[in-house]
Amino acid sequence: MIPVTPRVWLDEEEIDETFVRASGPGGQNVNKVSSAVQLRFDVRGSKTLSDHVKERLERLAGRRLTKDGVLVLIAQRYRTQEQNRADALARLVELVREAAIVPITRRPTRPTLGSKIRRLEGKTRRAGVKALRRDRPSGGGEE
């Protein structure tokens, strides 16, 4: 079991890892060694996650989620399989940790009386400044 939060755990058997060839730099090594990791985690079929966490995880996954509800993460940042495995697992754990946070629902509030009065005073002051700019008699000119 992989701990995500004190209450959320991931079962290692639900995670499927396959090793593929990485793209990018690496010289001849990149053509010979399968160092990139393709991590697959079945979100909908997971027995360890609650329905609320699954729902938020699907929303957070975006394009990384297949039509079948499988989360696919590809890690190829490092040149070794071990580092890429750790990177992919860390990214999965971080994604699940983010999905485990229950969003705080906003309760609508009303403006206070003081804030209403301040707003109206500001509007009156601004209107007064603009009123002074209007209708100025022409002081100079022809007599």
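**Close-up 1. An open sheet of three strands, ordered β3-β4-β5, with antiparallel pairing.** This is a predicted model, where local features need pLDDT of at least 70, side-chain atom pairs count only at pLDDT 80 or more, and totals for chains, interfaces and linings use all residues. β3 and β5 are the edge strands, each pairing on one side only. From one strand to the next, the twist averages 20 degrees (axes are lines fitted to C-alpha atoms, and angles run from 0 to 180 degrees between N-to-C directions). Strands here are DSSP runs of E, at least two residues, and helices are runs of H or I, at least four residues, numbered from the N terminus. Two strands pair if DSSP finds at least two bridges between them.

**Close-up 2. Bridge partners along β4.** Strand β3 (residues 15-20) meets β4 (residues 36-42) in the antiparallel sense over six bridges. Look for Glu-17 with its bridge partner Leu-39, and for Phe-19 with Val-37. β4 also pairs with β5 (residues 70-75), again antiparallel over six bridges, and there Leu-39 stands opposite Leu-73.

Close-up 3. Glu-55 forms a salt bridge with Arg-59, their closest N and O atoms 3.5 Å apart. The two are separated by about one helical turn because they sit four residues apart in α2 (residues 51-61). The rule is a side-chain nitrogen of Lys or Arg within 4 Å of a carboxyl oxygen of Asp or Glu, and by it the count comes to three salt bridges.

**Close-up 4. A patch of positive charge on the surface.** Arg-110, Lys-116, Arg-119 and Lys-123 gather here; Lys-123 is found in helix α4 (residues 113-133). Patch residues have over 30% relative accessible area (Shrake-Rupley, 1.4 Å probe) and no salt bridge, with like charges joined within 9 Å. Lys and Arg count as positive, their charges placed at NZ and CZ. Residues are numbered from 1 along each chain as its sequence is written, and side-chain values use heavy atoms, leaving out hydrogens and water.

Technical notes:
Patches are made of residues with over 30% relative accessible area and no salt bridge: like charges are joined within 9 Å, nonpolar side chains (Val, Leu, Ile, Met, Phe, Trp, Tyr) within 5 Å.
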